[in-house]
Amino acid sequence: MVARLVIAAPSSGAGKTTVATGLMAAFAGRGLAVSPHKVGPDYIDPGYHALATGRPGRNLDAYMCGTGLIAPLFEHGARGCDLAVVEGVMGLYDGAADQGELASTAQVSKLLKAPVVLVVDASSQSRSVAALVHGFASWDPEVRIGGVILNKVATDRHEHLLREALGESGVPVLGVLRRAPAVATPSRHLGLVPVAERQAQAVEAVAAQAEQVLQGCDLDALLALARSAPPLHAAAWDPVGAVRTRAGGSVVPTVPRSAAGGSPVALRNGGPRPRVAVAGGAAFTFSYAEHAELLTAAGAEVVTFDPLRDEALPEGTLGLVIGGGFPEMYGAELSANEPLRKAVAALAASGAPVAAECAGLLYLARSLDGTPMCGVLDADARMSERLTLGYRDAVAVSDSSLAATGARMRGHEFHRTVIEPGAGANAAWGLRQPERRVEGFVRQGVHASYVHTHWAGAPEAAVRFVEHCANGPVA
């Protein structure tokens, strides 16, 4: 059994990331193996979590993956660890719009049977903090709030007033943190600046967060609370098993299950493992660890490359995955790498499978803010003042290397760019909410869309993609 805590807050901006990352780093500094998790679709916070723990930050998204996969995905990520720290999303009870508690931190805490530590921004209140905590603790009796960490406390006098008020609430104070500029992480149009763009400064910030937590939190009490979580009785998610089950028997293990350990499976045609190149580096930092695991399980050899630095695709590339990130911050550098842009365009023109999400979509466009990109799509992208944000219920409207027409997949949009036109002659998805529209591009082997997806909830996408890579170009 893995000891576990969920770090939540009444609202965004209270300091969840600072506290969660600081706790991860502080406990790791004590010699514990700490498993980092994040509720929801966020890609950036897990990068800081990984820096704090030395393990991949993993997301727990009940909307995209389904409630039944939350505990198995948690067990998969936390295997072999002493402690898991789960950072929440938005306010404790905030979830998918018009879906009740679905995908909220509260729901995930219940699915994990994990105690919640509420991080409260106390900067503008004193006695009222008790009413706030009481309200959150009593709203849902199935959510166990085991303690409070008070953040942005001004003075010793302020701390005294807060502790006095909370003394009658029945919820213990497990930490008090003063305002500390050193722990701040810079933000921009889509949230925090990713670790990959500020590695040295990020290391310093995480160290400062750990020190702040060490000075202000009762780590022994927090660990005792984490260890009070009951057993989950959930089997760990396994990419090989997921691929085998959802592929309808089209793939078989190459080694006995007891020795598989994430080993790839053989393709239906018995051919060699196709090489799939996955974009990385500072411009393309948005990815879920399970995607590479599923591609490998489906039979691919996964290799990474950096479009900012590499002038050619990895030798022997038969498929290409370009996830999300910030190409708008690196438009000039991406454009200047003309040899790679031409290589990507040539691969796409050959009919090879290419899966592009959000930043990948922009990279495949003709231009981004007037700067030449790969020119795979007859479309132009630009920055916008409007934030597009929310979960999406998507239906494939064209056969592609990721999905057959009519296949449903849940995803998430998060961008401040627009692309014109918004869909090609063969669109990728029909979106059902918040408004009905078609979106994205399907052309030969290319599937490009603004919608981020989590393949753990649809492992057949990885199987289909790898089999398209193995079976040759799409005419």
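Modeller: A pocket is found on a 1 Å grid over the protein atoms alone, as an open set of points with protein on both sides within 12 Å along at least five of seven lines, whereas a cavity is a set of points where a 1.4 Å probe fits but cannot get out; lining residues have an atom within 4 Å of a point. Grid points are joined across faces, edges and corners, and a volume is the space filled by probe spheres set on the points. This is a predicted model, in which local features need pLDDT of at least 70 and side-chain atom pairs count only at pLDDT 80 or more, while totals for chains, interfaces and linings use all residues. Residues are numbered from 1 along each chain as its sequence is written, and side-chain values use heavy atoms, with hydrogens and water left out.

Biologist: What is the volume of the second largest pocket, and which residues lie nearest its centre?

Modeller: The volume of the second largest pocket is about 790 Å³. Its lining has 37 residues, and those nearest the centre are Thr285, Phe286, Ser287, Tyr288 and Ala289. Helices (H or I, at least four residues) and strands (E, at least two) are DSSP runs, numbered from the N terminus. Among the elements that give two or more residues to this lining are α2 (45-53), β12 (275-279) and β15 (354-357), but the largest share, four residues, comes from α12.

Biologist: Which residues of helix α12 are buried, and where do they sit around its axis?

Modeller: Buried means under 20% relative accessible area, exposed means over 50%, and partly exposed lies in between (1.4 Å probe, protein chains only). In α12 (residues 289-297), the buried residues are Glu290, His291, Leu294, Leu295 and Ala297. They fall within an arc of 160° when seen down the axis, so they line one face of the helix; the arc is that of the directions from the helix axis to the C-beta atoms. Just after α12, glycine 299 has a positive phi of about 115°.

Biologist: Which residues are exposed on the face of α9 turned away from its buried side?

Modeller: Helix α9 (residues 219-227) has Leu219, Leu222, Leu223, Leu225 and Ala226 buried. These cover an arc of only 160° around the axis, which puts them on the same side of α9. The face turned away from that side carries the exposed Asp220 and Arg227.

Biologist: How should I read strands, and which way do β18 and β19 pair, parallel or antiparallel?

Modeller: Two strands pair if DSSP finds at least two bridges between them. Strand β18 (residues 380-396) and strand β19 (residues 408-420) pair in the antiparallel sense over 12 bridges, with alanine 394 opposite methionine 409. Three bridges join β18 to β20 (residues 429-431), also antiparallel, and here alanine 396 has tryptophan 429 as its bridge partner. By contrast, β16 (residues 367-368) runs parallel to β18, joined by two bridges, and leucine 368 is partnered by alanine 381.

Biologist: How many disulfides does a search of the whole structure find?

Modeller: A disulfide is a covalent bond between the sulfur atoms of two cysteines, and the criterion here is a pair of cysteine sulfur atoms within 2.5 Å. The search finds zero disulfides. The sulfur of cysteine 81 is 19 Å from the closest cysteine sulfur, in cysteine 65, too far for a bond. Cysteine 81 counts as buried, at 9% relative accessibility.
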